[in-house]
Amino acid sequence: MTAVASKPVAARTALPDSVRVTLPRVLRSEWSKFWSLRSSYFALGGMVLAMIVFGGLFALVTANQYPTMPPARQAAIDPAQVSLRGYAIAQLVIGVLGVLVVTGEYATGMIRSSIAAAPRRWPVLVGKAVIFAGITLVVTEIASFAAFFVGQAFLASQHLDVGLGADGVLRGVVGTGLYLTVVGLVGTGIGFVLRSTAGAVATLFGLLLVLPVLGEALPSDWGDKINPYLPSNAGQQVLVVHPDAAATLGPWAGFAVFCGYALLALLVGGYLLRRRDA
């Protein structure tokens, strides 16, 4: 009786190329999931509106009040910063979107399908972070430049407008988009860590809004050393058109520290993603 040769185990278990999990395929999947959610459109649209509307409103009010301002206040006006002040609202919107990109799947149970399709799990985190960061960066930069030009149009009535070529202006405009993108990535990392929309949003808002206020309550000896390194304080240095020469962190050094917080949140989230059940 002739023995039938069996195929090697590796040959039997190897996946065909058409179904093998690769990072480009995960990225395409995450791209489709991102644009399939109405919350993505609403959040990005709301962020753009917040940047343009609030920036234009602050510029309009500044231009109308300028003739009656005391000279010291007139001299303190930074036209570029006035146009970009909508970032304070936009950061909350984009941060919530960063959280929802992750926690929305946990809420619906879709995360199980994502993990089943990518059993190693890390491609899920990388895919979400890359797609979210890429889309957000493009949209936030467009919003930043739009807000700047709208604001300068209002300020031109009092001859307060500045151009992108002025010292520090281009960095401030580009930096606004960079800052908002990293805010969203911090939200994404916290979403992986907590897996709860309410908890992650509360934590993110605490880091961005509450922590700097608490830092101001520290004794001056401690506050001078700690406050510059708090997440939002460090990240917002890149938005400052005319940074203080005595500042502990320069614009790009502060932004690098803020990126470090985002990376830490994503690394912790990735570790827990691999360790915990879906």
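Where does Arg121 lie?

Analyst: Arg121 is in the loop between helix H7 (110-117) and helix H8 (122-155); helices here are DSSP runs of H or I with at least four residues, numbered from the N terminus. This is a predicted model: local features need pLDDT of at least 70, side-chain atom pairs count only at pLDDT 80 or more, and totals for chains, interfaces and linings use all residues. Residues are numbered from 1 along each chain as its sequence is written, and side-chain values use heavy atoms, with hydrogens and water left out.

The phi of Arg121 is near 75°, a positive value in a residue other than glycine. Most residues other than glycine have a negative phi. Arg121 counts as buried because its relative accessibility is 16% (buried is under 20% relative accessible area, exposed over 50%, partly exposed in between, with a 1.4 Å probe and protein chains only). His159, in the loop between H8 and H9, also has a positive phi, near 60°. At a relative accessible area of 72%, His159 is exposed.

Asn227 is buried, with a relative accessible area of 12%. Apart from neighbours within four places in sequence, Asn227 is in contact (heavy atoms within 4.5 Å) with Gly215, Glu216, Leu218 and Asn233. A polar atom of the Asn227 side chain lies 3.1 Å from the backbone oxygen of Gly215 (a polar contact is a pair of N or O atoms within 3.5 Å, one able to donate a hydrogen and the other to accept it; residues adjacent in sequence count only if both atoms are side-chain atoms).

H10 has 20 residues and reaches 28 Å from its first C-alpha to its last, close to the 28 Å expected (1.5 Å times one less than the number of residues). A kink of about 45° is centred on Gly206, taken as the angle between axes fitted to the seven residues ending there and the seven starting there. At the start of H10, a side-chain oxygen of Ser196 comes within 3.3 Å of the backbone nitrogen of Gly199.

The whole structure holds 7 aromatic pairs (ring centres of Phe, Tyr or Trp, its six-membered ring, within 6.5 Å; planes under 30 degrees apart are stacked, over 60 edge-to-face, the rest tilted). Tyr179 and Phe258 make a stacked pair, 5.2 Å centre to centre with 25° between the planes. This pair links distant parts of the chain, with Tyr179 in helix H9 and Phe258 in helix H13, 79 residues apart. Tyr179 is buried at 0% relative accessibility, and Phe258 at 1%. Trp252 and Phe255 form an edge-to-face pair, 6.2 Å centre to centre and 85° between the planes.

On confidence, the protein averages a pLDDT of 88, and 93% of the residues score at least 70 (pLDDT is the predictor's confidence in each residue, from 0 to 100). Confidence is highest in H9, at a mean of 96, and lowest in helix H1 (residues 9-13), at 44. The pLDDT is below 50 over residues 1-15, a stretch with 2 contacts in the model beyond near neighbours in sequence. Where pLDDT is low, the predicted coordinates should not be read in detail.

Note on methods: Helix = DSSP H or I, 4+ residues; strand = E, 2+ residues; numbered from the N terminus.
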